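Hi,

Here is the model I promised to pass on.

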Amino acid sequence: MEVRPDQFKIMLTMPVTVITTVNSEGSSNAAPYGCVMPILRPLDLIAVASALPRDTLRNIRDNGQFVVNVMGKPGFESAMRTAKNYPPEVSELEAEGIETIPSKKVDPPRISEAIGWIEAVLDQEVTGDNYALTIGRVLCAELNDMYLKGKHLTEPPAVLLNPDYRIVGDSIGDARRTMKLFLGDSKKLS
Ligand SMILES: Cc1cc2nc3c(=O)[nH]c(=O)nc-3n(C[C@H](O)[C@H](O)[C@H](O)COP(=O)(O)O)c2cc1C
């Protein structure tokens with residue numbers, strides 16, 4: 001069955017991440033990003049796709065630094081609130097009371113409740129008419145000890161599996177429930 005490209009998005013999982021950056025005044029910024037992918041292995045480079053405009057993108061262009069905070073279920077809901085459209089000078093992290101810790105190699109902070117962090121610096125940008133692909137060089141990748149039992153993560157990363165993630169509320173990040181919701185409902189694909 002041929003489907004529209006936006007319907008096919010269900011087939012391509014995206015991680016639920018929040019990208020943290022700082023602006024030229026040193027104020028932090030945070031925004032959920034699903035269009036995040038490693039560029040091959042090992043994870044030397046990471047790519048992030050931004051619609052235009054984005055404060056996140058402007059900050060990365062200004063100082064070349066960002067942190068990809070990989071979210072699991074804990075901290076997920078509060079992290080999603082960073083999607084609200086705050087003015088550039090307002091820190092979403094402060095406005096939403098999201099706890100942070102300092103990063104090791106870059107200025108933008110880490111979200112304390114994330115299950116892992118990737119600290120990166122700008123390598124290059126590919127710019128389209130209505131998007132920008134930021135390619136970052138990974139300086140530090142770390143799993144949050146809070147979710148480690150031995151060498152195993154106790155929390156899986158959350159993923160987006162559906163084209164309507166903005167409207168599915170609770171089911172966001174729950175891969176099995178989301179699959180059932182969309183694959184079980186043929187109207188969504190017709
Ligand atoms: C789950 C989720 C994933 C998102 N993924 C992206 C993304 O990959 N790229 C993007 O440009 N915007 C994405 N957005 C929208 C931005 O997070 C949102 O527009 C945000 O307000 C941008 O903030 P900023 O202007 O501070 O960067 C996503 C939103 C949500 C809720």
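In which sense do S2 and S3 pair, and over how many bridges? The two strands are antiparallel, with six bridges between them; strands count as paired when DSSP finds at least two bridges. Helices (H or I, at least four residues) and strands (E, at least two) are DSSP runs, numbered from the N terminus.

Some housekeeping before the rest. This is a predicted model, where local features need pLDDT of at least 70 and side-chain atom pairs count only at pLDDT 80 or more, while totals for chains, interfaces and linings use all residues. Residues are numbered from 1 along each chain as its sequence is written.

Back to that hairpin. Five residues sit between S2 and S3, and Gly26 in the turn has a positive phi of about 90 degrees. Val18 stands opposite Pro32 in S3. Ser24 is in the loop between the two strands, and Ser24 is exposed, with 10 other C-beta atoms within 10 Å. (Exposed means 12 or fewer such atoms, buried 20 or more, partly exposed in between, with C-beta atoms placed from the backbone.) S3 is largely enclosed by the rest of the structure, because five of its six residues are buried.

Now the ligand. The shell around the ligand has 18 residues, and the closest are Ala31, Pro32, Cys35, Asp55 and Thr56; to be in the shell, a residue needs its C-beta atom, placed from the backbone, within 6 Å. Strand S3 (28-33), strand S5 (45-51) and helix H2 (55-63) are the elements that give two or more residues to this shell. S3 has the largest share, with four residues.

H2 has Asp55, Thr56, Leu57, Asn59 and Ile60 buried. Among the elements covering the buried residues of H2 are S3, S5 and strand S9 (116-127). After H2 comes Gly64, with a positive phi near 75 degrees.

Finally, the largest nonpolar core. This core holds 28 residues, of which Val18, Ile19, Val67, Val68 and Met71 touch the most other members. (A nonpolar core is a set of buried Ala, Val, Leu, Ile, Met, Phe, Trp, Tyr and Cys residues joined through C-beta atoms within 7 Å.) S6 gives the most to this core, four residues. Leaving aside neighbours within four places in sequence, Val68 is in contact (C-beta atoms, placed from the backbone, within 7 Å) with Thr17, Ile19, Val36, Ile46, Ile118 and Ala120.

Cheers

Definitions and conventions. Contact = placed C-beta atoms within 7 Å.
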